[in-house]
Amino acid sequence: MSVLTRDEAQTRAELLDVHRYTIELDLTSGDDTFGSRTAIRFSARADGDTFVEVKPAELRSVTLDGQPLDPEALDGNRLPLKNLTAGEHELRVHAHMRYSRTGEGMHRFTDPTDGETYVYTQLFLDDVQRVFAAFDQPDLKAVFELSVKAPEDWTVLANGITEHTGNGLWQAAPTPLISTYLVAVAAGPWHSVRTEHRGLPFGIHCRRSLAPYLDTDADELFEITRQCYDRYHEKFDEPYPFDSYDQAFVPEFNAGAMENPGLVTFRDEFVYRSAVTDTERQTRAMVIAHEMAHMWFGDVVTLKWWDDIWLNESFAEYMGYQTLTEATRFTDTWTDFGVARKSWGYDADQRPSTHPVAPEAVDDTASALLNFDGISYAKGASALRQLVAWLGEKDFLAGINTHFARHKFANATLADFIDNLASATERDVHAWADAWLRTTGVDTLTPRVAPGEHGTCALTVDRAGSRPHRIAAGLYDRDLGDDGGHLVLRERLHLDLPQSAPHPIGKRPALLLLNDGDLTYAKVRFDPESFETVRKDLSGLPEPLTRAVVWNALRDAVRDGELAPAAYLETARAHLPLETDLAIVQGVLAFASTHIADRYVTPEERPAALATLSELCRDLIRRTEDGDNPGLRLIAVRHRIDVAAHPDTIAAWLADGTVPGGPELDPELRWRVLARLAVLGATDETAVAAELDRDPSATGQEGAARCRAALPDPEAKARAWEAMFASDELSNYLFTATAAGFWQPEQADLVREYVPRYYADAVAVADRRGPAIAGAVGRDAFPAHAVDTDNLRLGEECLRDADPVPALRRKLIDQLDDLSRALRVQGSRTDQEPQNT
């Protein structure tokens with residue numbers, strides 16, 4: 001299949017204006033394919049040749065202006081349209097299209113709980129071609145009018161309000177001008193809850209088997225939706241322009257959600273079957289806010305080409321967190337961003353695959369797809385937060401409202417946006433954009449404290465990097481009250497970097513923290529005295545966001561080989577039992593277990609690391625025995641299960657169906673325990689099958705796949721490998737679940753023979769099954785546990801000689817860089833603390 005290049009898209013956009021798509025889909029023609037009829041009305045500005053994209057199972061017929069074209073002319077995914085004359089045209093395409101099991105195109109899913117079937121589209125970035133013929137590029141916007149034939153007991157959802165006209169036929173209201181990748185259909189026997197807000201229909205939808213769980217949270221979901229909707233209308237002059245707002249929670253969804261106008265699709269893990277923390281509810285609310293922001297940033301005003309991904313994702317990310325903080329009960333979302341999202345950006349920006357937030361050019365769609373990463377989301381959002389701190393929110397909002405007014409239902413570029421911002425301020429926004437959006441890498445800020453006269457000090461900030469920063473430097477003194485151990489904010493200095501001169505700070509503070517408030521995107525270090533204060537008094541810092549900045553600094557120091565992993569674990573052991581913010585507890589435990597215990601310590605050191613984490617989790621569980629913090633207790637129980645080195649305790653929990661003192665083991669916890677028991681060789685196939693009988697849901701199927709792949713048995717490993725790499729039967733979710741169980745540090749000897757096999761088999765399956773599976777192969781099925789030079793060599797040879805598809809190549813580049821970093825960390829053991837940490 002050919003990918004669309006930037007040059008081809010520009011040429012086609014110069015030739016064509018696309019007016020309207022009339023699409024008829026028939027979802028009643030079997031389990032493997034569906035019918036697709038498309039009529040495209042467009043005009044050519046001049047005589048010329050072009051092409052339309054379609055990826056059919058069978059191309060039945062094509063006519064252009066009533067004259068038949070040869071279906072055999074289809075070349076891969078391109079149907080040539082030769083000898084067009086200037087003027088109006090109509091192209092009609094009749095095809096049979098394949099359903100997907102990988103979350104691309106028209107995904108089909110049968111719920112194992114009740115046998116009901118659901119289908120939905122995911123047409124991003126260039127997968128509309130899997131559903132209907134299209135001129136598939138974002139700057140050829142058109143009106144879309146869809147009709148769908150579905151089984152009689154199904155409901156059909158689409159971008160516009162749908163009407164059942166009888167005999168299983170559904171008609172969707174025509175859309176305003178939107179891009180091809182934003183068209184959406186979701187069909188099946190949905191369970192729906194509906195309401196109205198400000199005269200606009202709101203709906204939430206899920207599989208019937210999840211109905212009780214959706215109903216439980218319906219009030220919360222609608223409240224968040226209303227609050228965000230109202231807040232965006234306070235911020236934006238342009239009102240919401242679509243005729244309804246549906247949110248469908250769909251199965252086996254590859255992303256967190258997708259911003260289809262009028263029909264946002266979410267992964268249905270957000271319909272909670274089991275207990276979750278309030279931070280997880282906040283994450284769901286943030287995704288709701290993020291996708292609603294896209295109605296303006298992406299849907300009303302759309303990027304012209306994929307080099308401006310940040311105009312969609314960075315803005316939605318920033319607006320999602322900021323609006324949630326302003327409009328809902330979740331008022332501390334930037335702490336979660338700092339812990340859970342910002343590190344994603346920092347990590348991505350230090351790999352060889354890094355790229356600017358706004359690249360100069362993205363050559364084709366395959367390259368564009370790789371840039372939906374921590375840079376386009378987390379770094380871009382961090383840059384915007386810094387921009388607002390530098391520019392002021394009033395001028396920032398004035399600029400974006402000018403942007404909406406000038407480009408409504410059209411397309412825009414970085415240059416357009418910067419010009420619109422510049423119209424609202426006297427600051428040099430163009431220079432800011434060059435420094436922040438056109439460069440790569442993470443700046444590092446290091447404090448230098450020089451003594452002055454009469455016991456005073458002055459602060460100089462060394463900046464490794466080139467970006468300007470507006471930051472706060474927090475000066476903290478020890479509280480000399482009764483209980484001690486607390487730090488009190490003396491002052492926050494507001495600094496513009498680079499500095500023109502040292503800044504006087506009075507007497508020496510116990511802790512000097514750069515980027516207090518987390519308003520910029522940079523790694524920060526500590527001077528020696530501040531680092532000693534952090535080691536002793538981190539939990540005594542008064543604000544969660546401040547503590548998050550400190551934990552991120554410690555995390556970065558470990559990754560850079562400047563802080564021993566054991567020192568990080570000791571700090572966590574000392575301070576995490578006193579932490580009150582759930583996002584911080586979750587983030588620190590996740591880094592400590594998946595990075596430190598699994599990769600950054602040697603196999604010989606791993607038992608001690610697991611023991612430390614197990615003791616830490618026991619402390620948290622003991623602290624929450626009174627039941628006043630169920631979220632914290634749930635986090636501690638989950639991680640206690642994951643780091644168990646011996647099966648007795650967690651096996652007893654599973655047998656009793658509860659943790660002593662709570663919580664009872666719901667399905668998520670039961671599968672988590674069983675997966676760890678499988679790793680430890682303390683369960684078997686009989687127990688997995690019995691648990692699947694107990695929970696035959698889709699989530700149960702995934703749990704069973706993970707457990708079976710984790711069994712320390714050569715035959716179990718061989719079956720799992722065959723399912724992942726030799727067969728194409730696994731859906732995207734079952735592939736990921738199987739991969740998650742296969743590699744385990746405790747089973748390194750058992751799976752050693754599979755490490756060299758991985759590379760050839762990964763290249764083959766990625767080429768065969770497409771980008772979604774290619775990404776899963778590189779992300780989830782990579783032997784990350786094998787932190788050794790042989791694995792690194794094999795991966796480098798694969799990149800050099802095997803020509804993996806772009807999605808897999810990018811993942812391998814990232815994985816091998818992470819592997820190199822882990823090797824460096826393992827080799828940098830020292831008992832001495834660095835001068836600046």
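How many nonpolar, polar and charged residues does the lining of the second largest pocket have? Point 1 takes this up. Keep in mind throughout that this is a predicted model.

1. **The pocket.** By class, 14 residues of the lining of the second largest pocket are nonpolar, 4 are polar and 7 are charged. The space inside is about 550 Å³. In total, 25 residues line this pocket, and those closest to its centre are Pro603, Pro745, Ala748, His785 and Ala786.

2. **Helices around the pocket.** Four elements deserve a look here. Helix H14 (582–600), helix H15 (606–623), helix H23 (754–769) and helix H25 (789–801) each give at least two residues to the lining of the second largest pocket. H25 provides the largest share, with 4 residues.

3. **An open sheet.** Now turn to the strands. An open sheet is built from 4 strands, in the order S26-S23-S22-S28, with mixed pairing. Strand S26 (503–507) and strand S28 (523–524) are at the edges; each has a single partner strand, so one side of each lacks a neighbour in the sheet.

4. Strand S22 (residues 444–451) pairs with S28 in the parallel sense, over 2 bridges. Thr444 is found opposite Lys523 of S28.

5. **Ser179.** Find this residue in the loop between strand S13 (169–172) and strand S14 (185–188). Is Ser179 buried or exposed? Its relative accessibility is 0%, so Ser179 counts as buried; the cut-off for buried is under 20%.

6. **Neighbours of Ser179.** A polar atom of the Ser179 side chain lies 2.7 Å from the backbone oxygen of Pro138. Beyond four places in sequence, Ser179 is in contact with Pro138, Lys141, Phe144, Thr302 and Asn411.

Notes:
Residues are numbered from 1 along each chain as its sequence is written. This is a predicted model: local features need pLDDT of at least 70, side-chain atom pairs count only at pLDDT 80 or more; totals for chains, interfaces and linings use all residues. Side-chain values use heavy atoms; hydrogens and water are left out. Two strands pair if DSSP finds at least two bridges between them. Buried means under 20% relative accessible area, exposed over 50%, partly exposed in between (1.4 Å probe, protein chains only). A polar contact is a pair of N or O atoms within 3.5 Å; within protein, one must be able to donate a hydrogen and the other to accept it, and residues adjacent in sequence count only if both atoms are side-chain atoms. Contact means heavy atoms within 4.5 Å. On a 1 Å grid over the protein atoms alone, a cavity is a set of points where a 1.4 Å probe fits but cannot get out, and a pocket is an open set with protein on both sides within 12 Å along at least five of seven lines; lining residues have an atom within 4 Å of a point. Grid points are joined across faces, edges and corners, and a volume is the space filled by probe spheres set on the points. Ala, Val, Leu, Ile, Met, Phe, Trp, Tyr, Cys and Pro count as nonpolar, Asp, Glu, Lys and Arg as charged, and the others, Gly among them, as polar.
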